[in-house]
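Here is a short report on one chain. Look at the sequence and the model, then read on.

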Amino acid sequence: MDIATLIQNAADGDNVGASTIFDELMAGKVNDALEAEKVKMADVVFNGATDEDPEIEDEDLEDDKSESDEDDEDEDIEITDEDEDES
């Protein structure tokens with residue numbers, strides 16, 4: 001089963017078939033991710049490898065939010081009567 005079949009079933013209105021294929025595709029992706037995590041954890045436990053994923057701190061999230069708020073302020077556009085007449 002592949003994504004093209006999923007899309008074709010959805011386009012044809014075969015929601016049950018599309019749902020079945022979607023479920024199979026997602027189960028495969030979840031299993032792949034779990035296997036990768038098992039290998040990673042086994043490496044940490046048995047080989048003393050370090051966890052390479054950096055932890056995200058709350059402060060980092062707040063910094064990102066404040067930066068995106070500043071970007072939003074720069075993108076404000078005012079519509080004037082002159083702009084509406086041109087439409």
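## Salt bridge

The side chains of Lys38 and Glu35 meet in a salt bridge, at 3.4 Å from N to O. The term covers a side-chain nitrogen of Lys or Arg within 4 Å of a carboxyl oxygen of Asp or Glu. The structure holds one such bridge. Lys38 and Glu35 are three residues apart in helix H2 (residues 15–47), so about one helical turn separates them.

Lys38 is exposed, at 52% relative accessible area. Glu35 is partly exposed, at 44%. Buried means under 20% relative accessible area, exposed over 50%, and partly exposed in between (1.4 Å probe, protein chains only).

## Basis of the model

This is a predicted model: local features need pLDDT of at least 70, side-chain atom pairs count only at pLDDT 80 or more, and totals for chains, interfaces and linings use all residues. Residues are numbered from 1 along each chain as its sequence is written, and side-chain values use heavy atoms, with hydrogens and water left out.

## Nonpolar patch

Met41, Val45 and Phe46 form a nonpolar surface patch. Together they have about 370 Å² of accessible area (Shrake-Rupley method, 1.4 Å probe; for residues, only the protein chains shown count as cover). Patch residues have over 30% relative accessible area and no salt bridge; nonpolar side chains (Val, Leu, Ile, Met, Phe, Trp, Tyr) are joined within 5 Å, like charges within 9 Å.

Val45 sits in helix H2. Val45 is exposed, at 58% relative accessible area.

## Whole chain

The chain has four helices and zero strands. Helices (H or I, at least four residues) and strands (E, at least two) are DSSP runs, numbered from the N terminus. Of the 87 residues, 6% are buried. The chain exposes about 7,900 Å², with 50% of it supplied by carbon and sulfur atoms.
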